Amino acid sequence: MVDWITSTGLTDYRDAETWMETRASAIASGTAPECIWLVEHPPLYTAGTSAKPADLTDPDRFPVHQTRRGGQYTYHGPGQRVAYTLLDVGKRGRDVRAFVHSLETWVIATLAEFNVTGVIRDGRVGVWVERPEKPPGPDGAVPEDKIAAIGIRLRKWVSFHGLSINVDPDLGHFDGIVPCGIAEHGVTSLVDLGLPVTMDDLDVALARTFPHHFP
């Protein structure tokens, strides 16, 4: 049994962290069920445990939150669906790498609901889409843009933080960081790809595909 909670409006980031820590502790102690929490945040940057100061290129643009999730710098803001995944990794095999892969494949299946082909790449956490309509890179490769970011933290084998999928955020807001430390690739969204997808549409797709990846 997994609770699905959807918050309306914009959720304060520090309030979200406090809520997640409390809920993760309750899940670990067996006093609360697992949970997927869907939110949007006001514009902000977060720094994961691997964040490099040089990758914060415009530190005065938005609030910057240090956080203990894995990963580097990410942007959150309106038009981006953040899915906080408070799940018991202990009862799901205690394999963190496999758990992250399940998050990636869940995102890929969700994007496929809109006929978008998401891909994962070695050395690049998150989900990407190929952009053959753009000029090829210096090596002749097809350009790829990031559409979803993933970063989790574990406490007593319960995960929190989670993933974000770009529905229709202001992509210019990503310019204040090097997203996830990767400068040679861009960022995209479902609407940027020409799809009139709403947040509600994405939420339905997330719920529909979730059981196939987290039985």
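How many cavities of 30 Å³ or more does a search of the whole structure find? The search finds one. The legends below describe close-up views of a predicted model.

**View 1. The largest cavity and its lining.** The largest cavity has a volume of about 110 Å³. Its lining is made up of 16 residues, and Gln-80, Lys-146, Ala-149, Ser-164 and Phe-174 are the closest to the cavity centre. Strand S5 (73-76), S9 and S10 each contribute at least two residues to the lining of this cavity. By residue class, the lining of the largest cavity comprises 10 nonpolar residues, five polar and one charged.

**View 2. The largest nonpolar core.** This core contains 31 residues, and Leu-103, Trp-106, Leu-111, Leu-163 and Ile-165 have the most contacts inside it. Two or more core residues come from each of strand S2 (34-39), helix H2 (96-112), strand S8 (124-130), strand S9 (144-155), strand S10 (158-166) and helix H3 (199-213). Helix H2 gives the most, with six residues. Another core, of 16 residues, lies apart from the largest one; Cys-35, Trp-37, Leu-86 and Val-158 are among its members.

**View 3. The surroundings of Trp-106.** Trp-106 is one of the residues with the most contacts inside the largest nonpolar core. Setting aside residues up to four places away in sequence, Trp-106 touches Trp-4, Ile-36, Thr-85, Leu-163, Leu-206, Thr-209, Phe-210, His-213 and Phe-214. Of these partners, Leu-206, Thr-209 and Phe-210 are also listed among the buried residues of H3.

**View 4. Helix H3 and the elements it packs against.** H3 has 15 residues and reaches 21 Å from its first C-alpha to its last, close to the 21 Å expected at 1.5 Å a residue. Its buried residues are Met-199, Leu-202, Asp-203, Ala-205, Leu-206, Thr-209 and Phe-210. The packing partners of these buried residues are strand S1 (2-6), S2, strand S6 (80-86), H2 and S10.

**View 5. Asp-3 in strand S1.** Asp-3 has its place in strand S1. Because its relative accessible area is 26%, Asp-3 is partly exposed. With neighbours within four places in sequence left aside, Asp-3 is in contact with Arg-23, Pro-33, Glu-34, Cys-35 and Ile-36. His-41 is 38 residues from Asp-3 in sequence, and the two are 20 Å apart in space, C-alpha to C-alpha.

**View 6. The largest pocket.** The volume of the largest pocket is about 420 Å³. Of the 25 residues that line this pocket, Gly-70, Gly-71, Val-125, Ile-150 and Gly-151 lie nearest its centre. S5, S6, H2, S8, S9 and S10 each supply at least two lining residues, and S9 gives the most, with five residues. The lining of the largest pocket divides into 12 nonpolar, 10 polar and three charged residues.

**View 7. The second largest pocket.** The second largest pocket holds about 230 Å³ of space. The residues lining this pocket are Arg-97, Val-100, His-101, Glu-104, Ile-120, Arg-121, Asp-122, Gly-123, Arg-124 and Val-125. Three of the lining residues of the second largest pocket are nonpolar, two are polar and five are charged.

Methods
Residues numbered from 1 in each chain as written. Predicted model: local features only at pLDDT ≥ 70, side-chain atom pairs only at ≥ 80, totals over all residues. Heavy atoms only, no water. Core = buried A, V, L, I, M, F, W, Y, C linked by side-chain atoms within 4.5 Å. Buried < 20%, exposed > 50% of the residue type's maximum accessible area, 1.4 Å probe, protein only. Helix = DSSP H or I, 4+ residues; strand = E, 2+ residues; numbered from the N terminus. Contact = heavy atoms within 4.5 Å. 1 Å grid on protein atoms, 1.4 Å probe; cavity = no way out; pocket = protein on both sides within 12 Å on 5 of 7 lines; lining within 4 Å. Points joined across faces, edges and corners; volume = space filled by probe spheres on them. Nonpolar A, V, L, I, M, F, W, Y, C, P; charged D, E, K, R; others polar. Expected span 1.5 Å × (residues − 1).
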